[in-house]
Amino acid sequence: MTKLQSLSSFVIFIFLFLFSSGLVFSQQNREMEEAYQRAEQMLSWNLSGKVFNSSVNPEQIDEDHFWYVLNTRSGNEYFLVNVPDQNKEHAFDHQRLAEAINDSAVSETDPKNLALRNLSFHDQLRSVQFEKEQKIWECSLVHYECEILESVQNPPSHSVVSPDGKKAVYISEYNLWVQNLETGDQTQLTTDGEKNYGYGTDNHGWRRSDRPILKWSPDSRKIATFRQDDRDVGKMTLWRTRVGRPEADIWPYALPGDSIVTKLERVVIDVTEPSVTFLEMDRDHHRSSNCCGLIRDGYWTDIEWSRDSSTLGFVSTSRDYKNVNLRMADPETGNVTEIYHEHDEIFFESNLTSRGIPNWRILHDTDEFIWFTRKSNWGHLYLHNLETGELKNQITDGDWNVIDILHIDKENREIFFTGVGREEGRDPYFIHLYRVNFDGSGLTLLTPEDANHSVTLSKDAAWFVDTFSTYESAPETVLRDRDGNLLMELDEADIEDLLETGWQKPKPITVKARDGETDLYGIMLLPSDFDENKQYPIINSIYPGPQSGSLGSRSFSAVQRGQAHALAELGFVVVAIDAFGSGPMRSRDFHTYYSGDMADNGLPDQIAGMEQLAEQYSFIDLDRAGIYGHSGGGFATAAAMFQYPEFFKVGVSSAGNHDNRGYTYYWGEKFQGLLERDEFSDNYENQAVQNMAGNLEGKLLISYGTMDTNVHPSMTLLVIDELIRQNKDFDLIVMPNRGHGYANEPYHVRRTWDYFVKHLVGETPPFEYQFNR
C-alpha cells in the first residue's frame, strides 16, 4: 500500500469514527432531551390539577349539617351533608345560582368556579350569604334570586379582627390602634411605642411582618399582647440590587451568644375604654414552648383566655428552652400567679409538629390543667391541680406520642387527640385520632385504617370527617361518629390523570440507622422508564430538621420535597430518609440524638440507609452517590460533601445555614445550645461547615439569595471564602434580590438537573433547557 493509500484509509477511518461518534452523541442528546421533557411534566406546577376529589375541608353549619367544596373534573362543586340522614347532595344548583349572580354582577360568574367567599347558610338552608366583588350577597336557594345587602367593610391592612367581627387592631408608628369596622372610627390604644420598642411587633429576626401579634379576649373587649424591646439588639443588613446605589435593609436580628436579645413586656389592653395594664413580672424571652416562633394560625401562641375573659393563662419559656412556666394573670390588675414549672435538660417541647399549637389547656371550671411533656421519653398528657400544680394522674402513656389535642369534652371528661406510633406494624409517622378519659381509661382508636389520617371534628365532637391516605394510596374521605363508626363514604380521590403522565408512586422503604438497630423510614423514587437490569446513580433528597425531616407528611401527594419525582425522571434513584434527629415524631432520644452537634445532620444514618438499599437493589450504583437540599438541607448537603467525600460525589447546596452562629438565636440556642466561649474557641465550632471545606473532593454547586432575610448569605460566603482559601474548585449561583424560597424557581431547578446529569451520569445536559411555564 502506498503512502497515499495509507493516508486515504486513515482519513476515511477518522471520518467514519467521527461520523459514528456524532451519531451516538446525537442519539444521547435526543435521549437526554426526552428525559428532560418527561422530568418537566413531573414538576409541581405541571402536576397541579392532575388529582381530583382530593380536598375536603368541611365547614359546619349546625349540629347536623356541613358543607364543603370539592375539586371535581367538572370544576369546584359545593356539597351539603346531612349527618343524621347520612346524605350528601349538591348544596345548590350551580348553574341557576351563577345565572342569579350574573343578573347583578359586574363580571361573569362561571358555574364551574363560583368562588363564593365567606359562604354561610341561612333560613334553614334555604338561602346563602357570601362575598363577591367586594359586596355581601344574599341568594335564595328556593327561587334563585339574589340581592346585594351592603359593601364589604374591609379591615385595615395587616390587622387582627376581633371574635365578634366588629373591631380590628393594627400597628401605626410602633403603636396599636383599633378601628370600629361598623363606623370606621379609629382609636389609638398606646402612645409610648417607638422604633424597636413598639407594641405587638412581629419581628422574629428570621421573619417579619406588619401585622401585630396579639390574642383577643372572647368578649372582644381586650387584647393580650406585648411591647417588644429590640432597641440594642444587633442588626442584620442586606443589600437590594438595583440600578445605581443598592438599597439597604437593616433590622434587629439576635444571634446565638448575643448579650442583648429581644425581650417582651406582656400587657393587656382594654380596647373599649383604652387602657394598658402591664403584667407584674419580669420581661419574657422571645420564645414559645415548641418550634417555631410566636404565631399559630395567625395569633399569639402559648396564651389563652378563659371563656368569660376574666383570666389569662400563658407559658413563659427560657432563652435556652430548658425551663417553662405556666402562669395565670388577672387582666384588670396585672397580678401574675405561678402555676407550674418544668425543666428539661436538653430542650422542652409542648407539641411535636412544627408550628403546632402547644398541648396545654387550663380547665377553669374544675381547677385543673392538662399538660404535655416528654419527661418519659415520649410525648404524653398529664392532668394537674390548677391551685397547687400537683400531678393528679397521667392521662396517656406508652412508647408512642400524642400530637395534637383537638377537642376537650369537659362534661364527659374526655379528650380527642391525634397520636403517632401506637399501632403495631404501622409506619410510626402515621397520624391517627384517639379518645381518652381524663383519668387515662378508655383509650380508643377512632381511625382504624393503616394510613395517615387528617381529621376535622364537629364543634361538639359528635362526628368528624376523616381523610386518609398513604404515599401509595390516594385519599379517601369518610364521615364517622364520635366512636369512630363509619357513617358514610364521602369521596375518593381520582388520580387517573396523574398516572397518565407516567408519574410513579413512591416506594416506602425501611432501613436501619447507624446503630444497626433502630428502624428508619423513607421513600424511594424511580424513573418511569425504570429498567431493573440497568445501573442508576442514587441521590439523597435531604432535610435534617431538627423540627421535621426529609419526608414531612405521610399523606398522598403528587409532589415530594425538592421536586424529587422530576429529578428521578432524569435517570436517578432518589431517596429521602428520616434519620436520627430529624423531627420529634419519634422518641425524645431519637429527636435529640445529635443535640449540640448540628453538623451531624443524621448523615451517618443516611449513608447507612443508602448502603443497605444498594445491597438490596442491584440497580443502585453506590459509586455514584449525590445529595441535595435547601435551607437546613443545604447545610446538610455541604456538611455531607465535606465530611464524607469518599461517599458523596456530587452535591447541590442551596440557602444553607452553614454556621449557626450567623443564624437566628431561635434555632441555634435550641438545637446546638447556648453559645459558650473560652479563650480559644466556642461550642459552635463543631457545626461550622466552613471549617470542613478543605475536605472537598467531589463536585459542589452552592447557591444563595442576596435578600434572604431568614438564612443570611453571610453564612454561605464564609464557606465560599474558605473554599477559595483552600484552592478548591466549586460552582456558584447567586440569586439577586431573592429571599429564602427560590429553590423551585425554574432556573435553579434546571441548573440542579444539569449538575447531576453532567457529574453523576456523565452526560451533557440539553443546552439551556427552557421550561414551559
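1. Second largest pocket. In this predicted model, the second largest pocket holds about 560 Å³ of space. It is lined by 24 residues, and Y174, T201, N203, S209 and D210 sit closest to its centre. Strands 10 (167–172), 13 (197–199), 14 (202–203), 15 (208–209) and 19 (247–252) each give two or more residues to this lining. Strand 19 gives the most, with 4 residues. By class, the lining has 7 nonpolar, 8 polar and 9 charged residues.

2. The side chains of D249 and R208 form a salt bridge, 2.8 Å from N to O. D249 belongs to strand 19 and R208 to strand 15, so the pair ties together parts 41 residues apart in sequence. R208 is partly exposed, at 35% relative accessible area.

3. Largest pocket. About 900 Å³ of space lies in the largest pocket. Its lining has 31 residues, with K215, P218, I303, E304 and W305 closest to the centre. Two or more lining residues come from each of strand 16 (215–216), strand 24 (299–300), strand 25 (303–305) and strand 29 (361–363). The lining divides into 14 nonpolar, 7 polar and 10 charged residues.

4. Other salt bridges. The structure has 47 salt bridges. In one of them, R231 pairs with D229, and the closest N and O atoms are 2.9 Å apart. R231 is partly exposed, with 36% relative accessible area. D229 is buried at 9%, because buried means under 20% relative accessible area. In another, R327 pairs with D284, the closest N and O atoms being 3.8 Å apart. R327 is in strand 27 (residues 323–329) and D284 in strand 22 (residues 284–285), so this pair links parts 43 residues apart in sequence. Both ends are buried: R327 has a relative accessible area of 13%, and D284 has 7%.

5. A network. Salt bridges with shared partners join D192, R227, D229, R231, E265 and R283 into one network.

6. D491. The side chain of D491 makes a polar contact of 2.5 Å with the side chain of Y68. A polar contact of 2.8 Å joins the side chains of D491 and K88. Leaving out residues up to four places away in sequence, D491 touches N53, V56, Y68, L70, K88, P475, E476 and T477.

Notes
Residues are numbered from 1 along each chain as its sequence is written. This is a predicted model: local features need pLDDT of at least 70, side-chain atom pairs count only at pLDDT 80 or more; totals for chains, interfaces and linings use all residues. Side-chain values use heavy atoms; hydrogens and water are left out. On a 1 Å grid over the protein atoms alone, a cavity is a set of points where a 1.4 Å probe fits but cannot get out, and a pocket is an open set with protein on both sides within 12 Å along at least five of seven lines; lining residues have an atom within 4 Å of a point. Grid points are joined across faces, edges and corners, and a volume is the space filled by probe spheres set on the points. Ala, Val, Leu, Ile, Met, Phe, Trp, Tyr, Cys and Pro count as nonpolar, Asp, Glu, Lys and Arg as charged, and the others, Gly among them, as polar. A polar contact is a pair of N or O atoms within 3.5 Å; within protein, one must be able to donate a hydrogen and the other to accept it, and residues adjacent in sequence count only if both atoms are side-chain atoms. Contact means heavy atoms within 4.5 Å. A salt bridge is a side-chain nitrogen of Lys or Arg within 4 Å of a carboxyl oxygen of Asp or Glu. Buried means under 20% relative accessible area, exposed over 50%, partly exposed in between (1.4 Å probe, protein chains only).
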